[in-house]
Amino acid sequence: MTDRIEHDSMGEVAVPAQALYGAQTQRAVDNFQIAPRAMPERFIRALALLKGAAARANSEVGALDAGIARAVAEAADAVAEGAHADAFPVSVFQTGSGTSSNMNMNEVLAQLAGGNSPLPVHPNDHVNCSQSSNDVIPSAIAVAAVLALRDTLQPAVADLRSVLQQRAMELEDVVKTGRTHLMDAMPVTLGFELRTWDAQLLDCEQRLAELQPRLRALAIGGSAVGTGINVPTGYVAALLEALSASTRCLFTGAAMPSTRMASQDVSVECSSVLRGLALVLIKMSNDLRWMGSGPLAGLGEIQLQALQPGSSIMPGKVNPVLPEAVLMAATEVLGNDATIALAGQSGNFQLNVMLPLIADKLLASIELLDGGCAALANCVAGLAPCREHAAATLARNPVLVTALNPVIGYEAAAAIAKRALHEGRAVLDVAAEDTDIPRAELQSLLDPLRLVTGPGG
């Protein structure tokens, strides 16, 4: 492969002849060999969106020639739409400010714009005009996260909630044994359990909504250390207007850009909200696995859709593969959250120096949860209740005697429960023998449907 010679402030560098990037990107490719993991596609697109908005803003305030600005903006638009994805090879494990990724974008856009501009386009002087890596990269993280939440995760949560609500209505008459400490407890309906998951997801949606004003407040305009050095008057407002228009999402400037540069508190907060959602998906997945366990020696209350053979040696075995896959994805989100929390500690004076890692893990968590929600929606949509088995198990549940507490007292009820369990008989039959309550009244008192329609039923 032939090379061409590019130069930067440190001297000449050999760059692949067909590469759109230049000297600084090549230095990063050569220097950062820890792992061949490039920055996330969503981050690259968000960075391009910011560059396009910056070019338009610089033209508006007179900081950049209109022709150059137009060429840069058009090149940035193309990259934001997914073009030239192979032109961004810089590893996640690079300089902690993300300067190499910023310069990678600057060089690519300068090369692309140079062919459509009457004047030469310089990656620093023109594409990076009024900017610093230190305010652009934190802003790109926030933009990427906002758009990923809006376009993928929040719709996925909404879809999962819709499936849960529909199935909850269909399964509201399936009465089954409730469990606390994994031990038999008072009855619930299968619909009630699904509505509980739905309510947990509603809490997650609300947390994501409450986060938005802080996540959309960008560091842009802070420049090198948050003071706005070399940022012209009117630039930030013009950039935010252009960015909001191109993304159809209202972005604002942080009251103190330095807060988004010196620290990554909002990314940490966002990750903690994602961690909360991951825990809800873990709860759902484990409950589905437990309820579907069996078919003979487990709980056997539901049957999950059979998707594939479950064993290479045991014929006929079918496993809860979707919940297991979601468990792994959600567990990785917990690990990502721990990484982001540790990376959030690396704010030294005016800059956090683990920005690329935060971008990588935050966007990965959003992607994992998006897929996890979709998988569980399919799982819940395809489950079938084992009505007869659930009813038979419930009928033998000695804890049903709790309904008799107000009538005969706790100790007498406990004695009935112990005898019913010891003899393997229904609570109704033992209570009919051990009390003077008419059987018809006992049937009413112990009716499982009546017991699940209290204030929370």
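## Aspartate 360

Aspartate 360 is buried, with a relative accessible area of 9%, because a residue counts as buried when this value is under 20%. The model is a predicted one. In it, aspartate 360 belongs to helix α12, which covers residues 355-382.

Leaving out residues up to four places away in sequence, aspartate 360 touches Arg37, Pro40 and Val92. With arginine 37 there is a polar contact between the two side chains, at 2.9 Å. Aspartate 360 also lies 9.0 Å from isoleucine 141, C-alpha to C-alpha, although 219 residues separate the two in sequence.

## Serine 97

Serine 97 sits in the loop between α3 (66-80) and α4 (99-114). Serine 97 is buried, at a relative accessible area of 7%. Its side chain makes a polar contact of 2.5 Å with the side chain of threonine 99. Apart from neighbours within four places in sequence, serine 97 is in contact with Ser133, Asn134, Ile137, Leu351 and Leu355.

## Salt bridges

Side chains of opposite charge can pair when their charged atoms come close. The structure holds 23 salt bridges. One of them joins arginine 45 and glutamate 41, with 2.9 Å from N to O. Both residues lie in helix α2 (residues 41-60), four residues apart, which is about one turn of the helix. Arginine 45 is partly exposed, at 30% relative accessibility.

Glutamate 301 takes part in a salt bridge with lysine 176, at 3.0 Å from N to O. This pair links distant parts of the chain: lysine 176 is in strand β3 (residues 175-180), while glutamate 301 is in the loop between α10 (265-291) and β7 (302-303), 125 residues apart. Lysine 176 is buried, at 3% relative accessibility, and glutamate 301 is buried with a relative accessible area of 5%. Arginine 179 forms a salt bridge with glutamate 301 as well, the closest N and O atoms being 2.7 Å apart. Arginine 179 is partly exposed, at a relative accessible area of 27%.

A network of salt bridges links Arg419, Glu423, Arg425, Glu433 and Asp434.

## Annotated domains

In an unreviewed entry, UniProt lists "domain: Fumarate lyase N-terminal" at residues 11-335. This span is 58% helix and 8% strand, and its end C-alpha atoms are 41 Å apart.

The unreviewed entry also places "domain: Fumarase C C-terminal" at residues 400-452. Residues 400-452 are 70% helix and 0% strand, with end C-alpha atoms 11 Å apart.

Terms used:
Residues numbered from 1 in each chain as written. Predicted model: local features only at pLDDT ≥ 70, side-chain atom pairs only at ≥ 80, totals over all residues. Heavy atoms only, no water. UniProt positions renumbered as here; feature names shortened; annotations may be inferred. Helix = DSSP H or I, 4+ residues; strand = E, 2+ residues; numbered from the N terminus. Buried < 20%, exposed > 50% of the residue type's maximum accessible area, 1.4 Å probe, protein only. Contact = heavy atoms within 4.5 Å. Polar contact = N/O pair within 3.5 Å; in protein donor to acceptor, adjacent residues only side chain to side chain. Salt bridge = Lys/Arg side-chain N within 4 Å of Asp/Glu carboxyl O.
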